[in-house]
Amino acid sequence: MELYSDTYFMNEAFKEAQKAFDADEVPVGAVIVAENKIIARGHNLTEQLNDVTAHAEMQTITSATNYIGGKYLNDCTLYVTLEPCLMCAGALHWTHITKIVYGASDDKKGFSKINQPVLHPKTIVVKGILEEQCSRILKDFFQKKR
């Protein structure tokens, strides 16, 4: 695996998803990268924090903006194991993030299901990186819940 590739950083996001899985949270993980350096990590904390907005993306946005010292994530890339929902996509729009890379598509609640632009017009989107692995952990989690 090439260092600093989308696959490399998605594997890092997957490590966060595994932390969520182990904590009995919906297993979604994310990292934000600037200049080939991970500046923020996060995973779902909705159960632990009793907060429906505590998605992995929201956790990493907060961490990254604190790291940078500003509200914009220009020249940053978000790697997230599941396609962002509309709430997270809206937040990402306001950050002006340069690129979003996600693993599994979310056929029910993903932002791409909306028939209008949600993200900032300059944001690049790459999908399907480690898709099978990212889908599998979600399926395993919900199978365990049944």
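Predicted model: local features only at pLDDT ≥ 70, side-chain atom pairs only at ≥ 80, totals over all residues.

Colleague: Which helix gives the largest share of the lining of the largest pocket?

Modeller: The largest pocket holds about 760 Å³ of space. Of its 25 lining residues, those closest to the centre include Leu138 and Phe142. Two helices, α2 (46-49) and α5 (131-145), each supply at least two lining residues. The largest share, 5 residues, comes from α5.

Colleague: How many charged residues does that lining have?

Modeller: Asp106 is among the residues closest to the pocket centre, and Asp counts as charged. By class, the lining has 10 nonpolar and 5 polar residues, and the number of charged ones is 10.

Colleague: On to the cysteines: how many disulfides does a search of the whole structure find?

Modeller: A disulfide needs two cysteine sulfur atoms within 2.5 Å. For Cys88 the closest cysteine sulfur, in Cys85, is 3.8 Å away, so that is too far for a bond. Cys76 has its closest cysteine sulfur in Cys88, at 17 Å, also too far. The search of the whole structure finds 0.

Colleague: And is Thr77 buried or exposed?

Modeller: Thr77 sits in strand β3 (residues 76-82). Leaving out residues up to four places away in sequence, Thr77 touches Val31, Ile32, Val33, Ile97, Lys99 and Val101. Its relative accessible area is 13%, and the cut-off is under 20%, so Thr77 is buried.

Key. Residues numbered from 1 in each chain as written. Heavy atoms only, no water. 1 Å grid on protein atoms, 1.4 Å probe; cavity = no way out; pocket = protein on both sides within 12 Å on 5 of 7 lines; lining within 4 Å. Points joined across faces, edges and corners; volume = space filled by probe spheres on them. Helix = DSSP H or I, 4+ residues; strand = E, 2+ residues; numbered from the N terminus. Buried < 20%, exposed > 50% of the residue type's maximum accessible area, 1.4 Å probe, protein only. Contact = heavy atoms within 4.5 Å.
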